[in-house]
Amino acid sequence: MRPALAVIVLVALALLGWLAVTRPPVAEVVVYSSVDDIFARPIADAFERATGIVVRLVPDTEETKSTGLLNRLIAERNRPLADVFWSGDPVRAGILKNKGVLQPYRSPQAQGLPVGYSDPDGYWTGFSARARVLIYNRDLVTESTAPDSIRDLLDERFRNRACMANPLFGTTSMHAAALFSVLGKQRASEFLDGFLANGGTVLSSNSEVRRRVATGEFALGITDTDDAHVALLEGQPIGVVYPDAAGMGTLIVPNAVALIRKDPNPDAARQFIDYLLRPETEAALAAGEAAQIPLRPGVSVPDNQVTLAQITVMPVDYGALADVLERISAGFLREWVDRSGQ
Amino acid sequence: MITALPLEQPGRWRTVGLMLIVLVAMSPAVPLLSQVPGMTPEILTGTFGSALINSLKIATMVALVGLFVGWPAGVLAACYEFCGRRVLLAAASLPLLVPSILWAIGWSALLPGGRTMEIPPLAGCVVVFATAAVPLVLIVTYLAARGLSGSQIDAARLAGGERCVVQLVSRHAVVPASIAAGLGAVMTLSDPGPAQIFGLRSGAAEILISFSALYDFSLAARQCLALTAVALVVATPLALFGGPRIARGMLARQVHSMHPLREPAMAGVTSVVLVVIILVGVILPLSGLIRPLADGQALMRAWPVVRRTAGDTVLYASGAGAFAIALGFLLALIIGRQERLRVVALGVILAVFALPPAMMALGFVYLGADAPAWADPVLRSRLSVCLVSGFRFLPVAAMIGMWSLGSASSSWAMVAGLHGVPMGTYLRRVLWPFLLPSALLGWMLIGLLATADIGTVLLLHPPGAGSLPLAIFTVMANAPESLVAALCMIYLAFAALLVAGIWTVAGRQRG
Amino acid sequence: MSVRGFELCSVTVNYSGHPALDGLSAVVCAGRHTAILGPSGCGKTTVLRVLSGLAVPGAGQVRLNGKVVSRPGRSILAPYRRGVAMVFQDLALWPGLSALDNVLLGLSGTDLRRGKARERAREALTVCGINHLADRVPAEISGGQQQRVALARAMAVRPSYLFLDEPFAGLDLMTRAGLLGDIAALADRHAFTIVLVTHDPAEVMSLCSDAIVLEAGTLCEFGQLDRLLADPVSATLRAFRQRI
């Protein structure tokens, strides 16, 4: 037993030593990303190949699955590990701005990007977007009865057969904030209450919406374009609609990239942000599984993909959404989710 | 010179030691707990109150299912030998590795049309959580049962045959099994996953909302404290019942340990029980999880993820297990045979166990951020993940330690004291070899549990050092389901091999 | 005048609020093998523990050769410095160690160097007739052989007092008789005093010259055995006399 014990002790000490050792100095940039890992990692790998700067990508889970990265960023703000925050939507970046986690950076590569999708004070820059779309099960809904507006979620023909993700989290929360911003408190509240009154179901996440519409448990749902695209790639029987083309428009959800205050690798961080904001990156994100929508006009997209010009865009003040969300999360949305039973 | 005698004597050092260890284990949560300006009873009313009630219902039912399935299964598995017993035990342990939400997704995928909404939410949550609670109780029962001596089993067999043997072993193991069931129940209090899948509002989900939707750490901390207080109320009777009985000392004269018997009829029953547990708890949800796995391409695509994360996964599991066992066994040594201390310790650690992992992990992040850079090797490294995970599972380790130490004879330390054997020599030459098999199995068990704790890894891992379960959760939102299925399959296959290997080694160790 | 040997002076010991010994005063004289008798649960093992320093009195004192070695709540002289060795009721053999290692570890409290300690251990095993089992662990030997290992461990320290707590329980008659004889011979050769806790009259008669008789933690009678048996006061000794 003694030799075995000695070996175990030695191995344990070696492991402890390895555990505690900090990395040897190397050019690196630490990117906290709430963009889905399968979309973000190829971009990070390409940056690494192009610049030789190692990208330490820290991806996030869906917000309903864990206390996520945003909380880590907030807790680390006195001495952050992260250099860059790459968010799948601008609201998270707005929240971090309000909490003093970010510092402004206006990248030279942002030229050409519409300014309306970025923070007016320069704390985050919007690029490559998703859209909030309706998806319906083709086996349950014909072309003639397909929805064309988010108000169809309240329609009798979809009673007890419609779903959305929890509006306290993710892009659904951004959508709720956008509705309150665009429609006003009364009409937005009526919409959400109407959804529940029509037997609508609140699910845990956008991917759950995608899964359950695809299986036919629900006929109609609202989710993001990347969820819809993944379902189409898997051959699921779903149809996709960019809602309210004739009305208030479709909500565009741009990616947002931000520089962390007191970041440990400032030069590499700026290089990474510059890289993300290039037209080539938008093209890559459009061509990948995410099928994201370039915000910059003229960026090439695959043939069958929708461009920004083809969408009626919901007019939203992206810079104000974080404040709107903060207000409604603790108030109406919280109470609404309680009523939904989720 | 300090001899081994104080180990069998009361002393103030025990209370001090207990307090110190609990404080150390709780210390990561201090930065967040200190943000709580004041607790008011109102926090227990309204939405959070009703959510807590749901959580308590789930916890109670999970404890009952875990106990009444895991306990007899563990008894039978300890008593009867048959071909493939260790393989079945290893397979039955697998759910401990898997974050509960994956099992929930697996179950929901099995339903026709994925009609999760048609399952009563409470039943769905209980089934998913019980999938992990049953193996926890089974393993603990098995370990406890193996602590009986061969002569005790022989005496029972002579007195009344196999029925008497099963009764004896069941009675011997009921306290550790109950406490394991209690642990399994407490674990459900801090896990929001299944409740979200099945649409049930739970206390843990409310806390997650406070963290991840409202970013209100103060509210979340208050809710965590309220959850802990409720857990303390539930844990107290368990501690009062289990504390004094957690281990009856084995007479040192009886050193022939129990060996499972090859008895065809009972072996048949045992294998059927284990197979049913594996079928319901592992194969069915697993089949739902990996159903999308269509071809080898997904496996090829999964391989880079596995290669990138395998080392850190093993490291975090091993490290968490090692820290937990070291601290847990030290706590057990400090408590000794003092019944009152045992009751207090059990109650406190069960209540602390109810704290959501995010409390400890985020608190550690705060500590790391406020500390100087020279502290980074401890506060901001892979070590941090192992430390915080180890602290989280200290209650499991302490219970295994208490049970294990309780089955050591008090005479060993007394005769060592009489002969002037120094404390260190006694611990090294006598006690540690005796405890080693339990420590190894406890290390394995806690490593399994820690692997499934993605929340801690997400919040604490150094950039670029994530684990495989975390990678599964970060890709699953929009990765093709076949890729997620492939990652799950690789993860489980590797873990199953590891578990099987450890069961085999542990079995040989015991002889 | 101080007694050569152990003195219990109004010793009280409580376990969980119940008195195991209640104001006990008795003497174990050096050179006079003493039996501690009484019904089960009367405190016999507690007496051994108090004398050896493994338990401390709640009230009263324990003296050794006139010097106070235990006071209420304190053991003034450590157990391993009292010249006492003990064979416990459950033998207390350390399970993972071989017979030789059990005896060797038992020599930790002496100042012997490694080589000398090994020699002493071998000698003790030989004297107890089990040197051929030196490399076996307790699980691999019989009950009687385990007894001898426990005895060898006690003998190896060359004690002045050997405490035996029901050491022959569960052994067959032949083994018991053999061990009794060996212990008596060892006691003569090495001049140590035996303090024996037992229920067996034959063991008492073959080994002991004095007796301390307890009932419910209090002293009934003590003194020379043959004088006590001539006119027994306690139920225990009356029962003893009938069986002799």
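**Exercise 1. Work out why H6(B) counts as largely enclosed by the rest of the structure.**

Solution. Start with burial: 23 of the 25 residues of H6(B) are buried, so this helix is largely enclosed by the rest of the structure. Here a residue is buried if 20 or more other C-beta atoms lie within 10 Å of its own, exposed if 12 or fewer, and partly exposed in between, with C-beta atoms placed from the backbone. Helices (H or I, at least four residues) and strands (E, at least two) are DSSP runs, numbered from the N terminus.

Next, take the span. H6 covers residues 121–145 of chain B and reaches 35 Å from its first C-alpha to its last, close to the expected 36 Å (1.5 Å times one less than its number of residues). Finally, look for a bend: a kink of about 35° is centred on Ala130(B), the bend being the angle between axes fitted to the seven residues ending at a residue and the seven starting there.

A word on the model: it is predicted, local features need pLDDT of at least 70, side-chain atom pairs count only at pLDDT 80 or more, and totals for chains, interfaces and linings use all residues. Residues are numbered from 1 along each chain as its sequence is written, while chains are lettered from A and ligands numbered from 1 in the order in which they are written.

**Exercise 2. Decide whether Asp135(C) is buried or exposed, and find what it touches.**

Solution. First locate Asp135(C): it lies in the loop between helix H3 (114–127) and helix H4 (143–156) of chain C. Then count: Asp135(C) has 10 other C-beta atoms within 10 Å and is therefore exposed. Leaving aside residues up to four places away in sequence, Asp135(C) touches Ser98(C) and Leu100(C) (contact means C-beta atoms, placed from the backbone, within 7 Å).

Note on methods
Two residues are in contact if their C-beta atoms, placed from the backbone, lie within 7 Å.
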